[in-house]
Amino acid sequence: ISHEIQNPLNFINNFAEVSSEMIDDLYEEIKNQDYEEVETIAQNLKINLDKINHHGKRAESIVRSMLLHSRNSAGQKESTDVNALCDEYVRLAYHGYRAKDKLFNALYETSFDQNLPKIDIVPQDIGRVILNLLNNAFYSVNQKHNTIGVPSDYTPKVNLTTKLEKNIIRIIISDNGKGIPDGILSKIFQPFFTTKPTGQGTGLGLSLTFDIIQKHGGKIDVQSEVNEGTQFCIQLPINNI
């Protein structure tokens, strides 16, 4: 944990130290009335402040994720329509991602088993799980789309399916994105492990997802193939504890 927080703090300290030295240079150039150099230094200071802000938010994100990961859910289990919950969060995930990236565009399809009974879960927690998996799926298809470029015949696509099998409700989230290499597939539920570039993920989302599903007496499995896509399958018992 210390290592994960120290990384962005190192950037903050370094940029702050350099910026302090640049302020001294700025004063010197003002005395020399070299306003062209003053403008250059001011522009570089603005860049450094933007970087300090970026890494500060990164550290804040890590701490926030740690708090979510460590706290016990205060939510109460209640009888929940899983289909309605999935429908709500797939829309939330899609439009949330579109709000962050105006150029993002993808297809999402849902297939809900209408025979699903209501089950006792903490809807906020399971909703957070669904949202996290969908966000990852949209991120993966978007990365693949950006890598391929346009024009191409690739259509980013995410599917969300529910199924009733004996005493188990399955929630399946699949995408046709970049996929996850076999070598790291077994590590993705470990705290602080992430396949995203530095600054784009804390590596706590899937770890938190795993913990929530376990606390509901369920299981989560993942299958993936590089450049073909990824599928997460959540299994929730109907008679959960």
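1. Helices (H or I, at least four residues) and strands (E, at least two) are DSSP runs, numbered from the N terminus. The model discussed here is predicted: local features need pLDDT of at least 70, side-chain atom pairs count only at pLDDT 80 or more, and totals for chains, interfaces and linings use all residues. Residues are numbered from 1 along each chain as its sequence is written, and side-chain values use heavy atoms, with hydrogens and water left out.

2. The protein contains 6 helices and 7 strands. Along the sequence they follow the pattern α-α-β-α-β-β-α-β-β-α-α-β-β.

3. Asp25 lies in helix α1. This residue counts as partly exposed because its relative accessibility is 42%; partly exposed falls between buried (under 20% relative accessible area) and exposed (over 50%), with a 1.4 Å probe and protein chains only.

4. Pro156 is located in the loop between α4 (123-148) and β4 (157-165). Its relative accessibility is 7%, and therefore Pro156 counts as buried. Across the protein, buried residues make up 39% of the 241 residues.

5. Leaving aside residues up to four places away in sequence, Pro156 touches Asn105, Ala106, Leu107, Val141, His145 and Asn176; contact means heavy atoms within 4.5 Å. Asn105 is 51 residues from Pro156 along the chain, yet their C-alpha atoms are separated by 7.5 Å.

6. Of the contacts in the protein with a separation of 6 or more, 72% are between residues 24 or more positions apart.
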